[in-house]
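Reader: I'm new to protein structures and a bit lost. Could you walk me through reading one?

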Amino acid sequence: MGDDVAAGEHGLAIRAFVPALKPEQLGDAAFRSAHGVRYAYIAGEMANGIASAEIVEAMGHAGMLGFFGAAGLSPAQVEAAIVRIQKNLGQRPYGFNLIHSPNEPALEAELVELYLRYGVKLVCASAYLDLTLPVVRYRTAGIHRGPGGEIVAPNQLIAKVSRVEVARKFLSPAPERFLKQLMTSGHLTAEQASLAGQIPLAEDLTAEADSGGHTDNRPAITLIPTMLALRDEVQAQYDYARAPRIGAAGGIATPASAAAAFAMGAAYVLTGSINQSCVEAGISPVVKEMLAQSGQADVIMAPAADMFEMGVKVQVLKHGTLFAMRGRRLYDIYREYGSLEAIPANVRQGLERDFFRTTLEDAWVKTRSYFETRDRAQIEKAERDPKHKMALVFRSYLGQTSRWAIAGEESRKIDYQVWCGPAMGAFNEWVKGSFLEPARARAVVPVALNIMYGAAVLARIATLRAQDGSGTQTCRVPPVELNQLHERMN
Ligand SMILES: Cc1cc2nc3c(=O)[nH]c(=O)nc-3n(C[C@H](O)[C@H](O)[C@H](O)COP(=O)(O)O)c2cc1C
């Protein structure tokens, strides 16, 4: 249109033109078709089944993806979830999490075998610092050429990553050393290994910015463009038949944050924290209330149970719980002393009274029995190495603090470990005064659709602004009930 305003109908000047934009047009069409979804929106995995079968099913029925939170669960529990979700969703989309477990490599391998056995076709690989054989095995199993000669990998991997060096590994083909190992073990033929060498390990990669749970606290506004540029570089290097896609996670909580991610070029958005406060989440109502009342600054970094010894941290809620402080105290004690026995009496007393509510000896007996069925190698290592024994006991406390939060264990409220990022507070601000304000009214589908609808509206407003130069229009799209939303979307 240029600088001159054109004459519109009735001779009125047209100051701006904004074409229609539907929520289902946001993001990458290739992402939507690859995963059979209507919207480029994912409800991300949340450990211990917090991202429950109910979440996965609700999302799948609404044409979106939900990932079951398999981390922290036993293979038997994950298997039960697979059976249930496959029965209830049939051909609709769903995914499962595969979390890197450097402390329990056997578990990672077992989970992959389970996913392969049940034909789980979409897995999100997360928390990886480096690639492992099981993740390569999952992606490459059953790879073949289709009727048109194209490479078909039946298993799709979405990698969730916050570091560029790890992202590069997932965007590249599987490393040769793993492919050779899989050939030696009889899992791949030479032909299959050669095909695997021509596709990216992950065709979708979620750039995980500052988020709840494991996070490097990177700002989305810097991380997303970096990952997109990396994708372009890797694509130029390998010239894949289909370029990998980059999605955005971390801080997505409102129409504005989703619109910004799509505007930067995200193929899809993924939410985490906000879904934990929804009715379908596998965590106690008391925690959902705590979450619904938190602000953006009510979060803090604390030691992670799974990678405690490595100093890895997770982002948790600090509003209404002492967990972060206690977790940090345990980490300091772990760093300072060589064994449980070396901990001075006064420090030990504090731990036994406030943290464990039992003697450290008894805490070890319980920890030991937990690992008896889960991973016996841990017990053997602990018996050889007293520092490892201390780590296991401390990790057992950290692990239980999540379970108390899930169960809503009243006597342990101040110990609750609740993974959460600033997205929660941003969401609470957005929904204030709307039907989504009370935790009991929050459900993952209306939340997701309001975000996507609002993001489409905001994208149109941005086009408008670019044409008429005005920066003062309101940018708030308040949430509305599902029936009203469907009317607006049609
Ligand atoms: C309670 C909770 C548990 C989580 N557990 C996992 C997990 O087991 N595996 C994983 O890959 N990501 C996990 N995440 C991260 C989410 O899948 C998602 O990537 C992240 O929450 C997105 O950022 P946001 O919290 O800012 O929305 C968890 C997040 C939360 C809030």
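Author: Let's go from the whole chain down to single residues. Keep in mind that this is a predicted model.

Reader: Okay, how many helices and strands are in the protein chain?

Author: The protein chain has 20 helices and 15 strands. Its C-alpha atoms fill a box of roughly 90 × 60 × 40 Å along the principal axes, and 48% of the 490 residues count as buried.

Reader: What radius of gyration would a compact globule with 490 residues have, and what does the protein chain have?

Author: A compact globule with 490 residues would come out near 23 Å, and the protein chain has 24 Å, which agrees. As for contacts between residues at least 6 apart in sequence, 71% join residues at least 24 apart.

Reader: Now helices. At what angle do H15 and H17 pack?

Author: Helix H15 (residues 360-374) meets helix H17 (residues 386-407) at about 85°, with the axes 9 Å apart. Angles of 65 to 115 degrees count as roughly perpendicular, so H15 is roughly perpendicular to H17. On the H15 side, the contact residues include Trp 364 and Tyr 370; on the H17 side, Leu 392 and Val 393 are among them. The residues of this contact split into six nonpolar, two polar and two charged.

Reader: And sheets? In what order do the strands of the open sheet come?

Author: Three strands line up as S11-S15-S14, with antiparallel pairing. The edges are S11 (213-214) and S14 (299-303), each pairing on one side only. Between S14 and S15 (residues 313-317) there are five bridges, and Val 299 sits opposite Leu 317 in S15.

Reader: Which helix lies across S14 and S15?

Author: That's H13 (residues 323-336), running at about 30° to S14.

Reader: Where do Asn 217 and Asp 239 lie?

Author: Both are in loops: Asn 217 between S11 and helix H9 (220-238), Asp 239 between H9 and strand S12 (245-249).

Definitions and conventions. Residues numbered from 1 in each chain as written. Predicted model: local features only at pLDDT ≥ 70, side-chain atom pairs only at ≥ 80, totals over all residues. Axes fitted to C-alpha atoms, helices over the stretch in contact; angles between N-to-C directions. Helix = DSSP H or I, 4+ residues; strand = E, 2+ residues; numbered from the N terminus. Parallel < 35°, antiparallel > 145°, perpendicular 65-115°, else oblique. Contact = placed C-beta atoms within 7 Å. Nonpolar A, V, L, I, M, F, W, Y, C, P; charged D, E, K, R; others polar. Pairing = 2+ DSSP bridges. Rg over C-alpha atoms; globule rule 2.2 N^0.38 Å. Buried ≥ 20, exposed ≤ 12 C-beta atoms within 10 Å, placed from the backbone.
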